[in-house]
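Please open the model in your viewer and keep the selection tool at hand.

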Amino acid sequence: MTKVLVLYHSTYGHLEAMAKAVAEGAREAGAAVDIKRVPETVPEDLARSSGYKLDQEAPIATVADLAEYDAIIVGVGTRYGRMAGQMASFWDQTGGLWAKGALVGKVGGVFTSTATQHGGQETTIISTITQLLHHGMVVVGLPYAWAGQMRLDEITGGSPYGASTITGSDGSRQPSANELEGARFQGRHIAQVAAKVTA
């Protein structure tokens, strides 16, 4: 059975919700799926005063965990058009895996969130993909076979690079049904590709 890791960082819970949808899609494709999050690097008192969602269910991942999976799907929010520092710090610790080629040939993908419609979703995904490519991973996006990213009747996330959601500048907008379906589609698609690659 194909093993998939959904690895995420979520400040206010939006990417936690997207991670669950990605995992649902991967399970629909027959994969064994774990959801884990990277360690929070913001001091707890600051996180609390800033309204961070600190009651997330997913266990904390370790760098060594990555080698255990056939596919790794990364969920990370944008900070000025690039991945959040918490996720960057985690990937910066993967040099030992890189030196051994431990992730070469594994399948990867990325999903994200931004506060605004043009807040750096695509640049965040593309700049996160570079981590996966440096590790020799096979990158899979969100193909236009999922037509939800072409909707014009509502504001929605999604691009051929990966699933995404828009949170609103105050974080009050939760992932829409369409955005969650895009996340499920990407999870399912990556799991299907990973099954073919590992076969």
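Begin by selecting Thr165, which counts as buried, its relative accessibility being 0%. The model is a predicted one. Thr165 belongs to strand S7, which comprises residues 164-166. Next, display what surrounds this residue: beyond the neighbours within four places in sequence, Thr165 is in contact with His14, Met18, Thr112, Ser113, Thr114, Gln121, Arg173, Pro175 and Glu179.

Now move to Tyr12, in the loop that joins strand S1 (3-8) to helix H1 (14-28). An unreviewed UniProt entry lists Tyr12 under "binding site". Select Ser50, Gly51, Tyr52 and Lys53 as well: Tyr12 is in contact with these residues, its neighbours within four places in sequence being left aside. At Ser50, locate the backbone oxygen, which lies 3.5 Å from a polar atom of the Tyr12 side chain.

Finally, select helix H3 (residues 85-92) and colour its buried residues, Gln86, Met87, Phe90 and Trp91. Turn the view to look down the axis of H3: the buried residues fall within an arc of 130 degrees and so line one face of the helix. In an α-helix there are 3.6 residues a turn, so residues three or four places apart point the same way.

Definitions and conventions: Residues are numbered from 1 along each chain as its sequence is written. This is a predicted model: local features need pLDDT of at least 70, side-chain atom pairs count only at pLDDT 80 or more; totals for chains, interfaces and linings use all residues. Side-chain values use heavy atoms; hydrogens and water are left out. UniProt positions are given in the numbering used here, feature names are shortened, and annotations may be inferred rather than shown by experiment. Helices (H or I, at least four residues) and strands (E, at least two) are DSSP runs, numbered from the N terminus. Contact means heavy atoms within 4.5 Å. A polar contact is a pair of N or O atoms within 3.5 Å; within protein, one must be able to donate a hydrogen and the other to accept it, and residues adjacent in sequence count only if both atoms are side-chain atoms. Buried means under 20% relative accessible area, exposed over 50%, partly exposed in between (1.4 Å probe, protein chains only). The arc is that of the directions from the helix axis to the C-beta atoms.
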